Amino acid sequence: MVAICAVPLTADISSSSRPHRRSPSLKMDEAFLTVNNELEAELVVSWMSNHCYQCLYQTLGLVPAGLGPGMPSSGNFIVGTEHGITLQMNSTHMNVELCRVEYSFGEHGNYSLWVKNLNDSSVVNCSIVTHADPVNSYLPILIAFLFFAGLSILLAIGGAIIGLDVVRGLLLRVSNSMETERLINSELGSPGRIVETVNDNILPPPTVISRRLRSLDTFRGISLVVMVFVNYGGGRYWFFRHESWNGLTVADLVFPWFVFIMGTSVALSISSLLRSGWSRSSLLWKAVWRSLQLFIIGVIIINPNYCQGSLSWDSLRIPGVLQRLAFSYLLVAMLDLLVARVHIDNLPEDAWWYPVRDIVLYWPAWLCVLCLETVWLCLTFLLPVPGCPTGYLGPGGIGDMGLYYNCTGGAAGYVDRWLLGNNHIYQNPSSRVIYLTYTAYDPEGILGSINTVLMAFFGLQAGKILLHYKDLHSKIRTRFLIWALILGIISAVLTKCSRNQGFIPVNKNLWSLSYVTTLACFAFVALLLVYHIVDVKRWWSGAPFYYPGMNSILVYVGHEVFEEYFPFRWRMIDSQSHAEHLAQNLVATSCWVLISYLLYKKRVFWKI
């Protein structure tokens, strides 16, 4: 059994005078291919994913020698359809490439590849014929989009109708009459009793809650909802899974945005608490305690045997998403407590630094972050890694022509295996899908945590902009755009505007510097748009993403713990259907949005 892209690939090789066109039972992202050989030489059929950078060809199978024109032998194969592939036909006798063809096969399609001499000459020709058209595996995404778009439109129309004065007056009269009837029929009902219940609420009154920037909770909720969706499987589409190595997919966007918003929230909350009279030492202790709780919760939920008994130290995975959030939160909170100012309204407007006060006033924190980034650069590009080239950023495996098979992640992987041990890091990295790596590698490892701090610090900078230019919407938008432009230029230089050819490619597994600058650029633009739409123009309330954004820890932990339980998962009728997987993952994600909405209405928020 061989693997093309992310799907199993098997070869059923047979010899006959006619091509085989009967398709076997195909799974998701698979197609049926018959290779017809008219040459009087046995063929070795090899393949390589076009998504695999500088990779070795992998043997697909053998096709016996044909008996001449019109009398081919054939071999039947199942090929992957997630990415385009390159097929190579070699002679078994001299191991010489006879022909090569690139093609993007469609899911459940039936194809033939003919290998024959061109016009009775020695030139070998390869051509692909389609016998059965593939299915449209992306149609369920379109249907789901239209469904949720239609639902949003109906809710918007309903909200607009309810907002009409006539309708509101009618609803008010109906609700008043119903309340009066309830008080008359209830033995305990009395106006005094109702007021007492409202005043006993442990949460701030709605007027206080509304002072929060809804755009921050909305942006956090968007990131969280997409994160839940992709963690549940994303319909088993490749672009809803993490990229195998360099590059970006939808799944690679959400965690950095969550980190970014965390940094923004740190700036706003610490400023508010300092103005309320909290001391820096008490806030530091609060940050340490919260980080410790996040780390412990993270260790528990990522180790699958927590429900079967005590955790086993022999195979306990230590790094993880919440653990990295805990580390980043602690460092960014410490940096902000070092430089945060209690009073920012009485700064001298004639000072030379006043136009850039959101940066200059916090130069010690910037200096610390630059030192951390220098440490990352030095360790990544200067640390000697046994058996690997210094500064290696590749996936290992069959990448780089198989020269560095066990060098997955270079210094980042080496540091994790050295400090944490091979058994305490992630055993099934995404690089295994295409690059066929078998070395343990953790995408939430130690070295990448440094750049996660940088991402959170960019979010902290967004918070400083919101603090220093409060209610000056045009200046906030301008500074967000300037930061996005600067970070975009840095990314373009580091990557040379390519996926694999840059100095430092965009890579989620490494949390490379270009990955941080690129995603921070996107985050500034996304926050700008949400801020303008939600908080400035108030065209959108942020619903439904606002609700999970207000209860992010509960939703994240809950979706991990209850992943295998109904209604978040059920036994499928057809487990090889993108449509059914997509429906299941969308229902599961929608359930958490609904849960967060109900908790919001009940004023239940899980804070640690």
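Reader: What makes the crossing of α7 and α17 left-handed or right-handed?

Author: α7 passes α17 in a left-handed crossing; the word applies if the near helix is turned anticlockwise from the far one by less than a right angle, while clockwise gives right-handed. A word on the basis: this is a predicted model, where local features need pLDDT of at least 70 and side-chain atom pairs count only at pLDDT 80 or more, while totals for chains, interfaces and linings use all residues. Residues are numbered from 1 along each chain as its sequence is written, and side-chain values use heavy atoms, leaving out hydrogens and water.

Reader: Why is α7 called roughly parallel to α17?

Author: Helix α7 (residues 280–302) and helix α17 (residues 552–561) pack at about 20°, with axes 10 Å apart. That makes α7 roughly parallel to α17, since angles under 35 degrees count as roughly parallel, over 145 as roughly antiparallel, 65 to 115 as roughly perpendicular and the rest as oblique. On the α7 side, Leu 294, Ile 297 and Ile 301 make the contact (heavy atoms within 4.5 Å). From α17 come Ile 553, Tyr 556, Val 557, Glu 560 and Val 561.

Reader: And why is α8 oblique to α13?

Author: The axes of α8 (residues 321–339) and α13 (residues 446–468) come within 9 Å and cross at roughly 50°. That makes α8 oblique to α13. The crossing of α8 and α13 is right-handed. The contact residues divide into eight nonpolar, four polar and three charged. Here Ala, Val, Leu, Ile, Met, Phe, Trp, Tyr, Cys and Pro count as nonpolar, Asp, Glu, Lys and Arg as charged, and the others, Gly among them, as polar.

Reader: Ser 112, then: why does Ser 112 count as buried or exposed?

Author: Ser 112, found in strand β10 (residues 110–117), has 0% relative accessibility, so Ser 112 counts as buried. Buried means under 20% relative accessible area, exposed over 50%, partly exposed in between, with a 1.4 Å probe and protein chains only. Buried residues make up 49% of the 608 residues in the protein.

Reader: What does the side chain of Ser 112 make a polar contact with?

Author: With the side chain of His 131, at 2.5 Å. A polar contact is a pair of N or O atoms within 3.5 Å; within protein, one must be able to donate a hydrogen and the other to accept it, and residues adjacent in sequence count only if both atoms are side-chain atoms.

Methods: Axes are lines fitted to C-alpha atoms, for helices over the stretch in contact, and angles run from 0 to 180 degrees between N-to-C directions. Helices (H or I, at least four residues) and strands (E, at least two) are DSSP runs, numbered from the N terminus.
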